[in-house]
Amino acid sequence: VRDAVANGTDRVVGGRAFASVVDSAAIAQAAAGYVAFDQTYNIPANTLKSGSRLRVRAVVRITTVLNGGATFQARLRLGGAAVLTSAESTAGAAGTRCVLEAWLTFRAAPGAAVEAAGVSTAIWTDTVAVVTTQPLAAGAVPTFATNGALLVDVAGESSAAGDGSGRVVLEQLDVDIV
């Protein structure tokens, strides 16, 4: 079904809207701000309604060791807004992964500023003692313009520039809309 959304994604009610099946193109270690991976999903306008639940799971993997003791942060974004930013990886070793997961429930009909209640979490396999959750304890419930298309993407940033050999990929991006 498309849930009466023109040009919406065909999906089973309560099912997956998008699942990546290959790694993204690798991004190089750099410290020039967040760089988006090329695996994304665009939620069509008016898809998220009162009671809709959005689940996003992303896995970022360091494929080639980061240079100079650099660390890496991953950020999950919805419509350009940061939903979750991980703590920094501590080792930067090849094979290190960050799991980012968001569960959001939308509280109103499509509109320009619809609240999305929920908590998102991130954890690195090399820093399992540090779990990031957002919004923070004093944080307001975030709002999103659900009457327009919302891009789901993941971006990353290194703590220091390298010699160009450090590489990171988006290994998995799954988007479920219930």
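Predicted model: local features only at pLDDT ≥ 70, side-chain atom pairs only at ≥ 80, totals over all residues.
Local features need pLDDT of at least 70 and side-chain atom pairs count only at pLDDT 80 or more, while totals for chains, interfaces and linings use all residues. Residues are numbered from 1 along each chain as its sequence is written, and side-chain values use heavy atoms, with hydrogens and water left out.

**View 1. The cis peptide bond between Q134 and P135.** Omega is about 5° here. P135 sits in the loop between β11 (131-134) and β12 (143-144). Strands are DSSP runs of E, at least two residues, numbered from the N terminus. Most residues other than glycine have a negative phi, and most peptide bonds are trans.

**View 2. N46, a residue other than glycine with a positive phi.** The phi value is near 70°. N46 lies in the loop between β4 (41-43) and β5 (53-64). At 34% relative accessibility, N46 is partly exposed (buried is under 20% relative accessible area, exposed over 50%, partly exposed in between; 1.4 Å probe, protein chains only).

**View 3. T71 in the loop between β5 and β6 (72-78).** T71 is buried, at 12% relative accessible area. Its side chain makes a polar contact of 3.1 Å with that of E88 (N or O atoms within 3.5 Å; within protein, one must be able to donate a hydrogen and the other to accept it, and residues adjacent in sequence count only if both atoms are side-chain atoms). Beyond neighbours within four places in sequence, T71 is in contact (heavy atoms within 4.5 Å) with residues including L66, S89 and E157.

**View 4. G164 and A28.** Their C-alpha atoms are separated by 6.0 Å, yet the residues are 136 apart along the chain. G164 belongs to the loop between β13 (150-158) and β14 (167-177). G164 is partly exposed, at 30%.

Notes
Helix = DSSP H or I, 4+ residues; strand = E, 2+ residues; numbered from the N terminus.
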